[in-house]
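Open the model in your viewer and keep the sequence panel beside it. We will go from one selection to the next.

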Amino acid sequence: VTGASFVVFNGALKPSSGFLAKSSIVEDGLMVQITPETMESLRRALKDKKDFKITCGKMDTGDVEECVDICWVENEDQKNKR
């Protein structure tokens with residue numbers, strides 16, 4: 001589990017790269033590189049307020065090392081809200 005101050009979704013990952021998606025830590029945030037098709041699915045999920053999972057790693061290996069889960073929650077924490 002990685003905590004981040006911000007998340008950047010970059011939809012310019014080419015399908016020919018051989019990756020499903022790539023994630024990397026940038027300063028105190030997270031950058032997730034995804035394909036344009038995954039970006040469209042992510043946009044739809046955010047609009048519909050649905051959970052979404054991005055699996056990172058190479059396409060040809062069954063070994064999943066990282067995933068990015070976007071989860072909607074019922075209760076919003078009111079601490080330190082500024």
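Select Val-68. Leaving out residues up to four places away in sequence, Val-68 touches Ser-23, Leu-30, Val-32, Phe-52, Lys-53, Ile-54 and Cys-56. Contact here means heavy atoms within 4.5 Å. Val-68 lies in strand β5. Val-68 is buried, at a relative accessible area of 11%. Buried means under 20% relative accessible area, exposed means over 50%, and partly exposed is in between (1.4 Å probe, protein chains only).

A word on the model. This is a predicted model, in which local features need pLDDT of at least 70 and side-chain atom pairs count only at pLDDT 80 or more, while totals for chains, interfaces and linings use all residues. Residues are numbered from 1 along each chain as its sequence is written, and side-chain values use heavy atoms, with hydrogens and water left out.

**The whole chain**

Switch to a cartoon view. The chain has one helix and five strands. Along the sequence, the pattern reads β-β-β-α-β-β. Helices (H or I, at least four residues) and strands (E, at least two) are DSSP runs, numbered from the N terminus. Of the 82 residues, 20% count as buried. The accessible surface comes to about 6500 Å², and 50% of that belongs to carbon and sulfur atoms. These areas come from the Shrake-Rupley method with a 1.4 Å probe; for residues, only the protein chains shown count as cover. Among contacts between residues at least 6 apart in sequence, 39% join residues at least 24 apart.

**The sheet**

Select the five strands. They form an open sheet in the order β1-β3-β2-β4-β5, with mixed pairing. β1 and β5 (66-70) stand at the edges with a single partner strand each, so one side of each has no neighbour in the sheet. From one strand to the next, the twist averages 35°. Axes are lines fitted to C-alpha atoms, for helices over the stretch in contact, and angles run from 0 to 180 degrees between N-to-C directions.

Next, select residues 7-10 and 29-34. These are β1 and β3, which pair in the parallel sense over four bridges. Two strands pair if DSSP finds at least two bridges between them. Val-7 stands opposite Leu-30 in β3. Val-8 has Met-31 in β3 as its bridge partner.

Move to residues 19-26. This is β2, and its pairing with β3 is antiparallel, over six bridges. Val-26 stands opposite Gly-29 in β3.

Stay on Gly-29. Gly-29 counts as buried, at 3% relative accessibility. Not counting residues up to four places away in sequence, Gly-29 touches Ala-4, Ser-5, Phe-6 and Ser-24. Its C-alpha atom is 7.8 Å from that of Val-8, 21 residues apart along the chain.

**Two turns to check**

Glu-27 has a positive phi of about 50° although it is not a glycine. Glu-27 is exposed, at a relative accessible area of 74%.

Now jump to Lys-49, in the loop between α1 and β4. Lys-49 is not a glycine, yet has a positive phi of about 55°. Lys-49 counts as exposed, at 60% relative accessibility. Most residues other than glycine have a negative phi.

**The core**

Select Ala-21, Leu-30, Val-32, Ile-34, Met-39, Leu-42, Ala-45, Phe-52, Ile-54, Cys-56, Val-68 and Ile-70. These twelve residues make up the largest nonpolar core. A nonpolar core is a set of buried Ala, Val, Leu, Ile, Met, Phe, Trp, Tyr and Cys residues joined through side-chain atoms within 4.5 Å. The elements giving two or more residues to this core are β3, α1 (36-47), β4 (52-58) and β5. In soluble globular proteins, nonpolar side chains tend to be buried together.

Zoom in on Ile-70. Apart from neighbours within four places in sequence, Ile-70 is in contact with Phe-9, Leu-42, Leu-46, Asp-51 and Phe-52.

**The cysteines**

How many disulfides does the structure hold? It holds zero. A disulfide is a pair of cysteine sulfur atoms within 2.5 Å. Select Cys-67: its sulfur is 7.5 Å from the closest cysteine sulfur, in Cys-56, too far for a bond. Cys-67 is partly exposed, at a relative accessible area of 37%. Finish at Cys-71, whose nearest cysteine sulfur, that of Cys-67, is 9.4 Å away. Cys-71 counts as exposed, at 52% relative accessibility.
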